[in-house]
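Please look over the sequence and the structure shown here before reading on. The report that comes after them is meant for a reader new to this structure.

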Amino acid sequence: MANTKSALKDIRVARARQKRNRPASSELKTVVRRAREAVVGEDREAAALAVRAAESQLDRAAGKNILHPNAAARRKSRLAKKLNKAAPPETS
């Protein structure tokens with residue numbers, strides 16, 4: 001147990017941040033999972049939309065310090081690679 005005033009305040013602040021960040025983090029996980037599932041599916045256009053939405057959420061989370069910017073970039077890169085590997089782009 002913390003035994004200084006500053007340590008006790010740090011605990012309060014951490015709990016407040018956790019309370020504020022948990023819903024956003026949960027939503028982020030859901031959107032990324034949906035994007036991964038869409039990439040496995042047949043519809044390339046729907047997958048591209050889902051990946052775009054996930055990338056947007058990842059950027060937003062990085063901007064709000066819910067996720068480290070490098071972690072967001074890494075996840076975006078992996079999603080894009082899966083999308084590109086799953087179905088080659090249509091040639092016209």
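This is a predicted model: local features need pLDDT of at least 70, side-chain atom pairs count only at pLDDT 80 or more; totals for chains, interfaces and linings use all residues.

Helix α1 and helix α3 pack with their axes 9 Å apart and at an angle of about 20 degrees, and because angles under 35 degrees count as roughly parallel, α1 is roughly parallel to α3. The crossing in which α1 passes α3 is left-handed. On the α1 side the residues that meet α3 are L28, V32, A35, R36 and V39, while α3 brings R75, L79, K82, L83 and A86 to the contact. The residues of this contact divide into seven nonpolar, three charged and no polar.

| Helix | Residues |
|---|---|
| α1 | residues 5-40 |
| α2 | residues 44-63 |
| α3 | residues 69-86 |

The largest nonpolar core has 18 residues, and L58, L67 and L79 are those with the most contacts inside it. Two or more residues of this core come from each of α1, α2 and α3, and α2 gives the most, with seven residues.

When neighbours within four places in sequence are left aside, L58 is in contact with L28, V32, L67, A72, R75, K76 and L79.

Leaving aside its neighbours within four places in sequence, Q57 is in contact with E27, L28 and V31.

Notes:
Residues are numbered from 1 along each chain as its sequence is written. Side-chain values use heavy atoms; hydrogens and water are left out. Axes are lines fitted to C-alpha atoms, for helices over the stretch in contact, and angles run from 0 to 180 degrees between N-to-C directions. Helices (H or I, at least four residues) and strands (E, at least two) are DSSP runs, numbered from the N terminus. Angles under 35 degrees count as roughly parallel, over 145 as roughly antiparallel, 65 to 115 as roughly perpendicular and the rest as oblique. A crossing is left-handed if the near helix is turned anticlockwise from the far one by less than a right angle, and right-handed if clockwise. Contact means heavy atoms within 4.5 Å. Ala, Val, Leu, Ile, Met, Phe, Trp, Tyr, Cys and Pro count as nonpolar, Asp, Glu, Lys and Arg as charged, and the others, Gly among them, as polar. A nonpolar core is a set of buried Ala, Val, Leu, Ile, Met, Phe, Trp, Tyr and Cys residues joined through side-chain atoms within 4.5 Å. Buried means under 20% relative accessible area, exposed over 50%, partly exposed in between (1.4 Å probe, protein chains only).
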